[in-house]
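Here's a quick tour for anyone meeting this structure for the first time. Have a look at it, then read on.

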Amino acid sequence: MADEKTPAAAADNPYTQTHTVQSGDTLSKIAQKYYGDASLYTKIFEANRDQLKDPNRIFPGQKLRIP
Amino acid sequence: MKKLSVWLLAMLAALLIAGCAGQKGPAEQAVASAESALASVRDMAQKYAPEQLGAVEAQMQSLKDSMAQGDYKGVLAAAPALTDAIGKLKDAATAKQAEAEAALAKAKDAWGPMSADVPKMVDAIQSRVDILSKSHHLPHGVTKDSLQAAQSGLSSMKSAWSDASSAASSGDYTTAMSKAQAVKDQATQIMQSLGMSSS
């Protein structure tokens, strides 16, 4: 049980929450929803580096891990 | 007439003494046999049927007391019931031992998936708590109290998980599973309080 979670650990963890991207979503909006703070969008970006190259480019239907 | 009565009484007394002496050997054998039978099941009974063992030990002591008092007839009368009680004690202890072994095997099988599962739940909660601790505002449905409860819950879950792992390492999978299930239940409750269900 690590105290600091890495993106790789989040990817392997079936208990990491997921969010399916809807039209109009941004990482900031998603961070606002799950963390109450839009500025924490980088946490979501880092946890999904395997499928996101640019934090400004997400697509409806993408399933993002929410660490 | 008086001489005849004395002679008859003497004869009766001699017959009685001879009869008692004749019962001593079988009575001694009955006590020894019961002691031997009880000794062969005592350890198992102590572990799996201690209350029943206590009752049988009391019966055994009563038989020995009768023997010490020279009540051989009483010993021979009580011995079959004690033998029967020892047989039932053995059956009960054997059944409970089988039950305990089956429960242990079941717990051992369940430990594998559980030991892989629960640490991941705790890791997911730790990750969320770390992030929410940096947030300027908490998300809808999550309160300061629930975040604090999750933080203290993480500490207690890690401690309980350590206990569960130690129990499993020592082969006590029943205790390990009981503790692990408690951690899993707590983790599930914390995940709900932090709104960690997927959408």
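**Chain B at a glance**

In chain B, 74% of the contacts with a separation of 6 or more link residues 24 or more positions apart; two residues are in contact if their C-beta atoms, placed from the backbone, lie within 7 Å. This is a predicted model, where local features need pLDDT of at least 70 and side-chain atom pairs count only at 80 or more, while totals for chains, interfaces and linings use all residues. Residues are numbered from 1 along each chain as its sequence is written, with chains lettered from A and ligands numbered from 1 in the order written.

**Make-up**
- Chain B has 5 helices and 0 strands (DSSP runs, numbered from the N terminus: H or I of at least four residues for helices, E of at least two for strands).
- Of its 199 residues, 28% are buried, meaning 20 or more other C-beta atoms lie within 10 Å of a residue's own.

**Helix 3 meets helix 4**
- Helix 3 of chain B and helix 4 (residues 144-169) of chain B pack at about 155 degrees, with axes 10 Å apart.
- So helix 3 of chain B is roughly antiparallel to helix 4 of chain B (angles over 145 degrees count as that).
- Among the residues that meet here are Trp111(B) and Val118(B) in helix 3 of chain B, and Leu154(B) and Trp161(B) in helix 4 of chain B.

**Touching chain A**
- 21 residues of chain B are in contact with 22 residues of chain A.
- Helix 3 (residues 72-134) of chain B gives the most to chain B's side, with 12 residues.

Terms used: Buried ≥ 20, exposed ≤ 12 C-beta atoms within 10 Å, placed from the backbone. Axes fitted to C-alpha atoms, helices over the stretch in contact; angles between N-to-C directions. Parallel < 35°, antiparallel > 145°, perpendicular 65-115°, else oblique.
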